[in-house]
Amino acid sequence: MAVKVALFLLASFLLLSTRVSSDVSEENLNEMAYGAVGAAPPVAVAPAPAPHKIIYTNDCIGACDERCSLHSRKNVCKRACNTCCSVCKCVPAGTYGNRETCGRCYTDWTTHGNMTKCP
């Protein structure tokens with residue numbers, strides 16, 4: 001009986017004294033990852049390109065042609081882009097992404113199927 005109690009106490013001690021990865025502090029993680037006590041190197045984030053701000057509705061055509069140039073369904077993309085451009089007066093730069101640069105009008109507009117309308 002005494003052996004069982006001693007074995008139980010030893011197992012409990014080992015269980016409580018083990019250190020799991022979630023116990024490691026953030027400083028120790030940096031030290032383990034980079035080998036030094038200093039802070040992690042800064043990560044440079046590239047800024048999003050500036051959107052095409054549209055003043056006249058006629059400018060939408062060229063901006064939407066550029067935006068939809070790599071799209072698999074160009075006509076559908078251009079039609080949606082021109083609609084969004086005429087209302088929101090903005091087309092994001094590039095062929096994909098950067099939608100947040102045009103504001104809430106461009107990002108929050110959805111179709112009846114709850115899909116984003118603006119490409």
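In which helix is Arg-67 found? Select Arg-67, and you will find that this residue belongs to helix α3, where helices (H or I, at least four residues) and strands (E, at least two) are DSSP runs, numbered from the N terminus.

Before going further, please note that this is a predicted model, in which local features need pLDDT of at least 70 and side-chain atom pairs count only at pLDDT 80 or more, while totals for chains, interfaces and linings use all residues. Residues are numbered from 1 along each chain as its sequence is written, and side-chain values use heavy atoms, with hydrogens and water left out.

Now zoom out to see the whole protein, which has 5 helices and 2 strands, arranged from the N terminus on as α-α-β-α-α-β-α. Of its 119 residues, 18% are buried, a word that stands for under 20% relative accessible area, as against over 50% for exposed and partly exposed in between (1.4 Å probe, protein chains only).

Return to helix α3, residues 60-67, and colour Cys-60, Ala-63, Cys-64 and Arg-67, which are buried there. Looking down the axis of α3, you will see that these buried residues line one face of the helix, because they fall within an arc of 95°, the arc being that of the directions from the helix axis to the C-beta atoms. An α-helix has 3.6 residues a turn, so residues three or four places apart point the same way.

Stay with Arg-67, whose relative accessible area is 3%, and show its contacts (heavy atoms within 4.5 Å). Leaving aside neighbours within four places in sequence, Arg-67 is in contact with several residues, including Cys-81, Val-91, Tyr-96, Arg-99 and Pro-119. Val-91 is 24 residues from Arg-67 in sequence, yet their C-alpha atoms are 7.6 Å apart in space.

Next select Cys-77 in helix α4, residues 74-88, which counts as buried at 4% relative accessibility. Beyond four places in sequence, Cys-77 is in contact with Cys-68, His-71 and Pro-119.

Finally, move to Arg-99, in the loop between β2 (90-91) and α5 (104-108). Arg-99 is buried yet has no salt bridge, which would require a side-chain nitrogen of Lys or Arg within 4 Å of a carboxyl oxygen of Asp or Glu. Among the residues that Arg-99 touches, not counting those up to four places away in sequence, are Arg-67, Tyr-106 and Pro-119.

Definitions and conventions:
Lys, Arg positive; Asp, Glu negative; His and termini not counted.
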